[in-house]
Amino acid sequence: MTTALITGATAGLGAAFAERLARDGHHLVLLARDTERLHERATDLHDRHGVEVSVLTADLATEKGIVALEERVGDRDRPVDLLVNNAGFGNKGRFLDVPMADELTMLRVHCEAVLRSTAAAAEAMRERGRGGVVNVASVAAFLPRGTYGASKAWITQFTQGVAADLAGSGVRLMALCPGFVRTEFHQRAGMDAGNVPGWMWLDAGRVVDAALADLARGRALSVPDPRYKALAGLMRLAPRGVLARASTGTGRKYGPR
């Protein structure tokens, strides 16, 4: 039996990862800020799937929270075999409309927490000669648009680089870059996503299935769904100036209002 630790585990992709991994027989460590919701989720998964589920209340926007995550994934006596860095959020508004404190919090959660937890987990995994890390990014990583896209681009580049550095060690790393997923993400950010076309939405469970399949194949980058694979390919080929203008227009059409 292996153990997976999932951040942002009570909703959205984090909850979908927990559901799938519990169904597959993995023990779980669920990390989020809401203790009551964590325990409800843990009890439900344990009762339905018969796996051990522990909880870790931590706010990854704080030093204390990041340290708690580092210590747990690096614990040699209670090894974590798979780390899923899913915690994240969006800010409503364009650059200069969003308070600098909120921008810095995003960088801490999306970048610093991912950097430090990946390092702690990968070091322990390399000693054992096995393990995996999935860092959840976004197709926004391929667009020049604001702090959110920049932080997701950092996750993507960082993860692919570390995957190359640790090749042959038994530790697999993968950046997951989904598009619009039906979760609580937009609602929590106060964004109106009602004008996003239906064809652009993905099911969280299917995203997780595709991600775990790609991880098993040893891929360092996963873009679930053929539609988004095609879009990502086009974004990589388009001139940056054209892409920036298109990104701004798309943001105005489908972004927060």
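**Entry 1: ground rules.** I am working with a predicted model, in which local features need pLDDT of at least 70 and side-chain atom pairs count only at pLDDT 80 or more, while totals for chains, interfaces and linings use all residues. Residues are numbered from 1 along each chain as its sequence is written, and side-chain values use heavy atoms, with hydrogens and water left out.

**Entry 2: the whole chain.** I find 9 helices and 9 strands; helices (H or I, at least four residues) and strands (E, at least two) are DSSP runs numbered from the N terminus. Of the 257 residues, 49% count as buried. For that I use these cut-offs: buried is under 20% relative accessible area, exposed is over 50%, and partly exposed is in between (1.4 Å probe, protein chains only). The chain exposes about 12,200 Å², and carbon and sulfur atoms supply 54% of that; accessible areas come from the Shrake-Rupley method with a 1.4 Å probe, and for residues only the protein chains shown count as cover. I also checked contacts, meaning heavy atoms within 4.5 Å. Among those with a separation of 6 or more, residues 24 or more positions apart account for 70%.

**Entry 3: the sheet.** In what order do the strands of the open sheet come? I read S3-S2-S1-S4-S5-S6-S9, which is 7 strands with parallel pairing. Two strands pair if DSSP finds at least two bridges between them. The edges are S3 (53–57) and S9 (221–222), each pairing on one side only.

**Entry 4: from S5 across to S9.** I followed S6 (residues 171–176), which is joined to S9 by 2 bridges, the two running parallel. On its S5 side, S6 pairs in the parallel sense over 6 bridges. S6 is mostly covered, with 5 of its 6 residues buried.

**Entry 5: S1 and S2.** S1 (residues 3–7) pairs with S2 in the parallel sense over 5 bridges. Ile6 has Leu30 in S2 as its bridge partner. How many of the 6 residues of S2 (residues 27–32) are buried? I count 6 of 6. His27, Val29 and Leu31 point one way from S2, whereas Leu28, Leu30 and Ala32 point the other way. I noted the general rule beside that: in a regular strand the side chains alternate between the two faces of the sheet.

**Entry 6: H4 against H5.** At what angle do H4 and H5 pack? I get about 10 degrees, with their axes 9 Å apart. That makes H4 roughly parallel to H5, since angles under 35 degrees count as roughly parallel. Residues that meet include Met106, His110 and Val114 in H4, and Tyr148, Trp154 and Phe158 in H5. The residues of this contact divide into 9 nonpolar, 4 polar and 2 charged. My classes are: Ala, Val, Leu, Ile, Met, Phe, Trp, Tyr, Cys and Pro nonpolar; Asp, Glu, Lys and Arg charged; the others, Gly among them, polar.

Entry 7: Is Thr159 buried or exposed? Thr159, found in helix H5, has 0% relative accessibility and counts as buried. Leaving aside neighbours within four places in sequence, Thr159 is in contact with Asn135, Leu173, Met174 and Ala175.

Ala61 sits in the loop between S3 and H3 (63–73) and is partly exposed at 24% relative accessible area. Not counting residues up to four places away in sequence, Ala61 touches Thr105, Arg108 and Val109. Ala61 and Arg108 are 47 residues apart in sequence but 5.9 Å apart in space, C-alpha to C-alpha.

Leu96 lies in the loop between S4 and H4 and is exposed, with a relative accessible area of 74%. Its phi is near 80 degrees, a positive value in a residue other than glycine.

How values were computed:
Axes fitted to C-alpha atoms, helices over the stretch in contact; angles between N-to-C directions. Parallel < 35°, antiparallel > 145°, perpendicular 65-115°, else oblique.
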